[in-house]
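Subject: Structure handover

Hello,

Here is the structure I promised to pass on. Please open it next to this email and follow along.

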Amino acid sequence: MGTLRLILGDQLTRGISALDGLDKDRDVVLLAEVREEGTYVRHHKQKIALILSAMRHFAEELRHEGIKTDYIRLDDPENTGLLTGELARALQRHRLSHAVMTEPGEWRLREAFLSWQRDTGAYFDMREDTRFIASHSRFERWANGRKGLRMEFFYRELRRETGLLMEDGEPAGGQWNFDADNRKPVPKSVITPERLRFEPDALTRDVMMLVEREFPSHFGSLETFGWPVTRAEARRALSHFIKEVLPSFGDYQDAMRADAPFLFHSLISTSLNIGLLTPREVCLSAETAWREGDVPINAAEGFIRQVLGWREYVRGIYWLKMPGYADTNFLDARERLPDFYWTGETKMRCISDVVRQTQSHAYSHHIQRLMVTGNFALLSGIAPKEIEEWYLAVYADAFDWVELPNTHGMAIFADGGLLASKPYAASGAYINRMSDFCGGCVYDPKARPGRTPCPFNALYWAFLIRNQSRLSGNARLAMPYRTLAGWSRQRREGIMEDAATIMARMRQGEL
Ligand code: FAD
Ligand code: DLZ
Ligand code: SF4
């Protein structure tokens, strides 16, 4: 008797554990497009198109290898709309009694499969996802008994274990971390590189029409769609990044520029997260470029830290702390998400530009996510669930295991500092220093006479005052709290009033 092997839309890797031991003569691989996965949040149209197109291409590749592949389309009249429903139907259709899958990347779906198994008593095997560098047990071993779970220390252990950027047991270049070199604003004279775009083929164009038809009210536009949808395309994109872009990745890692949504970032998160690339090969490519002298150490280290460090670490935190993690609300944030997160209609140029770029590309880079949309949500006290749903919906690379810790922990500090050692709260001065957004904004980050002050400024100080009892003990916030201590009562009250006016204007759609 053969086995049914289910592959999910973010498991498009030939070496996925669900395919281990595949018997080509007897087994059937199942991929299913289902409405529930397209609508549990209202995903950006590019995200749905990316996943469905990549699934269809992957199924073709499996068939080409002679593997029996059953592919259920979204508009199949018999489609139950649920992955568990399709798994049950396929078991009957192929008269199989045993199913295998790799664990889903998110809690919601893992629970759905486990409860389906409990209800049906199906003979069902859920295997570990071995595409990550650190297994669940490896992360637990590191985390157990530690007071603080800082990424930096986990990352160093993984550097030692993998040997990446190590020389004679020491970190290459004599330092673990080159962050201090990686905070340059981008001078106007720097020309940002052209990025590889992949013209949609007939199969992708079909999917794009399907997405327009089935998800017409979802956020975003398909016009610029050019994501890699096959492993071959993803490999080309990676090579192009390593050769043309990585050398400057470190220098401008923290910068933002209004006319350059991608700057020197890699754009590989979609390929990594749906399985077209593996984190190991990505890190090795960057390391090889450094060993061959093509890339400086601050760039290679900065990049490898994102993939080997942050990506593995946030996944570890997610599985260590779920399901309770998603329900914490350390700062008691309760505000509704303003409409401009969906429309881009706000006079705050930084937010408007980032939201519009997100509509066009289903992408914005890390600093835009953290220091513009994330920072504003933090300062204005947007409720965790509201802002998390937004991040999960609008980015083509968004999956709960990576989006949630980044939003909940890093951007809005809702976990009280488990992930970040301090809230990433910043006033307009930071955005002005690291970007050119403020030049074209009706607001003024420097609050000069006759100009309307940047809303981030009053919101920043009001955030610190409002959360003083929760945050003033944080050593990394000692400086701003010392500044606040020197303020008169009237000055503090004045800031709170200014912030209240800004919040009222935000609620009325006038900001
Ligand atoms: P690069 O800047 O070129 O970085 C290289 C790779 O490193 C990325 O592709 C990614 O795989 C990894 N990486 C970098 N930073 C992180 C990080 N903080 N956590 C995990 N991996 C990281 N990333 C997602 O993949 N999916 C998400 O849903 C997501 N949501 C985010 C939400 C918020 C509020 C914030 C602040 C960050 C989020 N990130 C998310 C992390 C990061 O912003 C994206 O990985 C990155 O912008 C993707 O673009 P890139 O491939 O050009 O990345
Ligand atoms: C995100 C997504 C979408 C939009 N559609 C599908 C689908 O039709 N079929 C499928 O197998 N997977 C899809 N996915 C990805 C799943 O939601 C993903 O596996 C989970 O988010 C777990 O990480
Ligand atoms: Fe954003 Fe303030 Fe700068 Fe305007 S002035 S772009 S709102 S930081």
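Which of the 30 residues around ligand 1 come nearest? They are H265, S266, L267, Y363 and N406. Before you go further, note that this is a predicted model. Every value below was computed from it.

**Ligand 1**

Start with the polar contacts. An oxygen atom of ligand 1 is 2.8 Å from a polar backbone atom of L267. For I268, a polar backbone atom is 3.1 Å from an oxygen atom of ligand 1. H366 uses its side chain instead: an N or O atom there is 2.9 Å from an oxygen atom of the ligand. On its own, ligand 1 has 810 Å² of accessible area, and the protein covers 99% of that.

Now look at what builds the shell. Helices α9 (269-274), α11, α14 (366-380) and α16 (400-411) each supply at least two residues. Sorted by class, the shell around ligand 1 has 16 nonpolar, ten polar and four charged residues.

**Ligand 2**

Move on to ligand 2. It is surrounded by 19 residues, and the closest are D10, A32, V34, E37 and E106. An N or O atom in the side chain of D10 is 2.4 Å from an oxygen atom of ligand 2. A polar backbone atom of A32 is 2.8 Å from a nitrogen atom of ligand 2. E106 has a polar side-chain atom 2.9 Å from an oxygen atom of ligand 2. Taken alone, ligand 2 exposes 490 Å², of which the protein buries 99%.

Where does ligand 2 sit? The space it takes is the largest cavity. The elements that give two or more residues to its shell are α1 (35-39), α2 (45-64) and α4 (107-120). Helix α2 provides the largest share, three residues. By class, the shell around ligand 2 has ten nonpolar, four polar and five charged residues.

**Ligand 3**

Which residues are around ligand 3? They are M348, C350, G428, I431, F437, C438, C441, Y443, P445, C454 and F456. By class, this shell has ten nonpolar residues, one polar residue and no charged residues.

I502 is in helix α21 (residues 489-507). I502 and C454 are 48 residues apart in sequence, and their C-alpha atoms are 9.9 Å apart in space. Is I502 buried or exposed? I502 counts as buried because its relative accessible area is 10%, and the cut-off for buried is under 20%.

**Backbone details**

Next, the backbone. M322 and P323 are joined by a cis peptide bond, with omega about 5°. P323 lies in the loop between α11 and α12. T328 is found in the loop between α11 (297-321) and α12 (340-343). T328 counts as partly exposed because its relative accessibility is 33%. The C-alpha atoms of T328 and W107 are separated by 16 Å, though the two residues are 221 apart along the chain.

One is R95, at about 50°. The other is L263, at about 45°. R95 lies in the loop between α3 and β4 (98-102). L263 is in the loop between α8 (231-249) and α9. Their surroundings can be read from the accessible areas. R95 is exposed, with a relative accessible area of 68%. L263 is buried, with a relative accessible area of 2%.

**A buried aspartate**

Last, find D27. This residue is in the loop between β1 (4-6) and β2 (28-32). D27 is buried, with a relative accessible area of 3%. What does its side chain reach at 2.9 Å? The side chain of D27 reaches the backbone nitrogen of T3. A polar contact of 2.9 Å also joins the side chains of D27 and R5.

Best wishes

How values were computed
Residues numbered from 1 in each chain as written. Chains lettered and ligands numbered in written order. Predicted model: local features only at pLDDT ≥ 70, side-chain atom pairs only at ≥ 80, totals over all residues. Heavy atoms only, no water. Near = heavy atom within 4 Å. Polar contact = N/O pair within 3.5 Å; in protein donor to acceptor, adjacent residues only side chain to side chain. Areas by Shrake-Rupley, 256 points an atom, 1.4 Å probe, with all protein chains shown as cover. 1 Å grid on protein atoms, 1.4 Å probe; cavity = no way out; pocket = protein on both sides within 12 Å on 5 of 7 lines; lining within 4 Å. Sits in = over half its atoms within 2 Å of the grid points. Helix = DSSP H or I, 4+ residues; strand = E, 2+ residues; numbered from the N terminus. Nonpolar A, V, L, I, M, F, W, Y, C, P; charged D, E, K, R; others polar. Buried < 20%, exposed > 50% of the residue type's maximum accessible area, 1.4 Å probe, protein only.
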